[in-house]
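Q: I have a structure open and would like to go through it. Can we start with the metal site and then move to the packing?

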Amino acid sequence: MIRLNYNQSEVSFENRVETNKQNDGHPFFSSTPGQCSLFKLCQEYVLSLGWEKCFFAPQHDRCYCNNCYSSSQPDVILTAGDTYVVPREWAGFGLSVDPALADYHKLWTEWIVTYHGTSIYAAQSILANRQFLIPGDVLLNGSVLGIRPGHIPGKKHIYTSPSIRYSSLDVYSIRNDFTASSGKKYKAQLVLQCRQKPGTFKIQPETVGRGQDPICDFISNDKIEYFTEIRVSLVPYRLLVNLKDI
Ligand SMILES: [Zn+2]
C-alpha cells in the first residue's frame with residue numbers, strides 16, 4: 001500500500017481541531033480516506049510530486065469521492081456566513097497551518113472557504129513560501145513572478161472562488177499528465193482549498209467568457225470570481241487533487 005509515511009512528531013502544526021463547526025470535518029464522511037482506492041491513487045500522484053512532507057498535515061486528509069462523501073450529504077456548506085461548494089470527486093490532503101495564525105485570526109470559525117486553482121509549480125511555491133505571491137513579487141531566486149497570459153496588465157490580484165468547478169477550469173488549474181504505478185494514464189489537477197478573510201476581497205462575474213451559460217450548479221456566474229491584493233488574507237489548508245482518465 002502506498003501511503004505518506006509521516007512520523008506524527010515531525011508534523012509541526014498538529015493542534016488544529018477540525019470540528020463540526022468547521023463544517024468539513026468527520027461527521028459527513030463514511031470512512032477514513034486511507035481506505036479509499038481513489039484517495040490512494042491521488043496520494044500516489046502527490047508522492048510523485050516529491051514535495052517536502054513538512055507541507056502536509058495528514059490528520060486533516062479528506063476524500064470527497066462518492067464512497068467517502070455520499071450523494072446524500074450537502075453539496076454546499078455554509079461557513080463564516082458564506083457558502084462554498086463541496087469538492088466532490090476530489091481527494092484532499094491536509095496542509096500544515098501555523099496554529100498561532102489560525103488562533104489569532106480565528107481562521108476556522110471566522111474565515112470563509114474558497115478555492116484557488118493553480119499549477120504544480122505555483123502550488124509548491126505557495127507552500128514553500130508559506131504565503132501566496134502576487135505578480136511582481138521578487139522570488140527567492142531573484143526572478144520576478146510574472147502575470148499569467150490572459151490576465152489584465154497592471155492587475156496584480158490573487159483569484160479565488162467558492163466554486164470548485166470554476167477554480168478547476170483549465171485556465172486556473174493546469175492539467176498535468178500522470179502515469180500511475182498500474183501503468184494507467186491520467187490528467188491530474190491541483191486546487192488549493194483556502195480560508196479567506198471576509199471583507200478583504202472583491203466579487204465579480206466570471207472572466208472566462210461564459211456569459212450567462214452556467215459554470216457551476218450552485219454559484220451563479222455573476223458572483224463566482226473573488227479577487228484580492230491582500231496576500232495575507234488567504235491561507236491554504238488543503239491540497240485538492242483530481243484525476244481524470246485519458
Ligand atoms: Zn474516497
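Q: How are the donor residues of the zinc ion spaced in sequence?
A: This is a predicted model. The spacing of the zinc donors along the chain is C-x26-C-x1-C-x2-C.

Q: Which atoms coordinate the zinc ion, and at what range?
A: The SG atoms of Cys36, Cys63, Cys65 and Cys68, at 2.2 to 2.4 Å.

Q: Why is the arrangement around the zinc ion tetrahedral?
A: Because the angles subtended by the four donor atoms run from 105 to 113°, and the cut-off for tetrahedral is that all angles lie between 85 and 135 degrees.

Q: Where in the chain are cysteine 36 and cysteine 65?
A: Cysteine 36 is in the segment before H1, and cysteine 65 is in the loop between strand E1 (62-63) and strand E2 (76-79). They are 29 residues apart, so the pair links distant parts of the chain.

Q: Is cysteine 36 buried or exposed?
A: Buried, at a relative accessible area of 6%. Cysteine 65 is buried too, with 8% relative accessibility.

Q: On to packing. Which residues touch the most other members of the largest nonpolar core?
A: Trp51, Phe93, Leu239, Val241 and Leu243, in a core of 33 residues.

Q: Which element supplies the largest share of this core?
A: H1, with six residues. Among the others that give at least two are strand E4 (91-94), helix H4 (120-129) and strand E11 (234-245).

Q: What is leucine 239 in contact with, leaving aside neighbours within four places in sequence?
A: Its contacts include Val46, Trp51, Phe56, Phe93 and Leu190.

Q: And what lies apart from that core?
A: Another core, of 26 residues, including Tyr84, Val86, Tyr166 and Tyr172.

Notes: Residues numbered from 1 in each chain as written. Predicted model: local features only at pLDDT ≥ 70, side-chain atom pairs only at ≥ 80, totals over all residues. Heavy atoms only, no water. Core = buried A, V, L, I, M, F, W, Y, C linked by side-chain atoms within 4.5 Å. Buried < 20%, exposed > 50% of the residue type's maximum accessible area, 1.4 Å probe, protein only. Helix = DSSP H or I, 4+ residues; strand = E, 2+ residues; numbered from the N terminus. Contact = heavy atoms within 4.5 Å. Donors = N, O, S within 2.8 Å, 3.2 Å for Na, K, Ca; no water. Tetrahedral: all angles 85-135°; square planar, octahedral: opposite > 155°, others 65-115°.
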